[in-house]
Amino acid sequence: MASTAAQAPPQALGADDLGPVRLPVDKETHQFDDWTIGYTKSHILKSICVNGETCVAGDPGCCELCVYNFALVLPHLPDMVFHRNVLRIAHSSGAQLEFNPLDALKLVRNEKLDLKVACSDEWRESRPEASQTADKVKPFDWTFSTEYSGTVNERFRVEPTDQRIDVFKLMRKEEILFYHNLTLFEDELHDHGISLLSVKVRVMPSGFYVLLRFFLRVDNVLLRSNDTRFHYEKGNDYILKEFTHREAKVEQLKHIPPALFTNPDHIVDKLPVVRKVNEKLTIVQPE
């Protein structure tokens, strides 16, 4: 059950000295029985094409920014996209569960404002100075809300289940064999809140636990969270998955101290549950 860390590769400069084309990447893996749990971690995605806007979709030399722009149809990206931050959990059978920012951003709605983002008017009314940034509120989900719940391959069979994650087992004190917290993307909504996607993994002698959390706070208007939890218990051939969507307007939370609004760990459990989905990810053994 040892963890291994690899040294980052040397940097290579892009055209016009715009900086490294491939920035250093930290890596670490942990072996837990038949599972390999590992992450890569690096700097944020550059905001300028290092090839002078000459990138071609699908070309091996395409810069990382243009790879995102070609893959997504969003008017713009979050302030900070940690494009090399990836958590990967792989079983010896070939089953794989992954968390990455590109797949998460593919689920951001790119269409005219609907109920999910209709608070933009309230947001501007509650912030008179926000009129200066009104031109930036484009007809897409400018909050970058995503219901991304991880990426699985064909070696997992995903189906609804009546089984539930045993939170009491997770509350038991156990040795932490491996732990990491990765930010996938973050945006400060023009200084009027925060949109944040992160993923945490914890490995114990009894199994492992993952929390993927999207948290949104639009100051004086709205709080929203999309939590996806995964729990594997040693000896099982499946992982339990629980997706929970919570949301409330600030006016519904007058009984809660506003100081808690800035800390997802303190406020999320106080938001009303809108929707919950429980699934079972069963490993499909090779024939």
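Two residues are in contact when their heavy atoms lie within 4.5 Å. The model shown here is predicted, so local features need pLDDT of at least 70, side-chain atom pairs count only at pLDDT 80 or more, and totals for chains, interfaces and linings use all residues. Residues are numbered from 1 along each chain as its sequence is written, and side-chain values use heavy atoms, with hydrogens and water left out.

**View 1. Glutamate 175 sits in the loop between helix 4 and strand 9 (178-187).** Helices (H or I, at least four residues) and strands (E, at least two) are DSSP runs, numbered from the N terminus. Is glutamate 175 buried or exposed? Glutamate 175 counts as exposed because its relative accessibility is 57%; the cut-offs are over 50% for exposed, under 20% for buried, and partly exposed in between (1.4 Å probe, protein chains only). Setting aside neighbours within four places in sequence, glutamate 175 touches Val203, Met204 and Pro205 by contact.

**View 2. The largest nonpolar core has 52 residues.** Such a core is a set of buried Ala, Val, Leu, Ile, Met, Phe, Trp, Tyr and Cys residues joined through side-chain atoms within 4.5 Å. Trp35, Leu87 and Phe208 have the most contacts inside the largest core. Strand 11 (residues 207-218) gives this core its largest share, 6 residues.

**View 3. Leucine 87 meets residues from elsewhere in the sequence.** Leaving aside neighbours within four places, its contacts include Ile37, Tyr39, Phe99, Leu182 and Val210.
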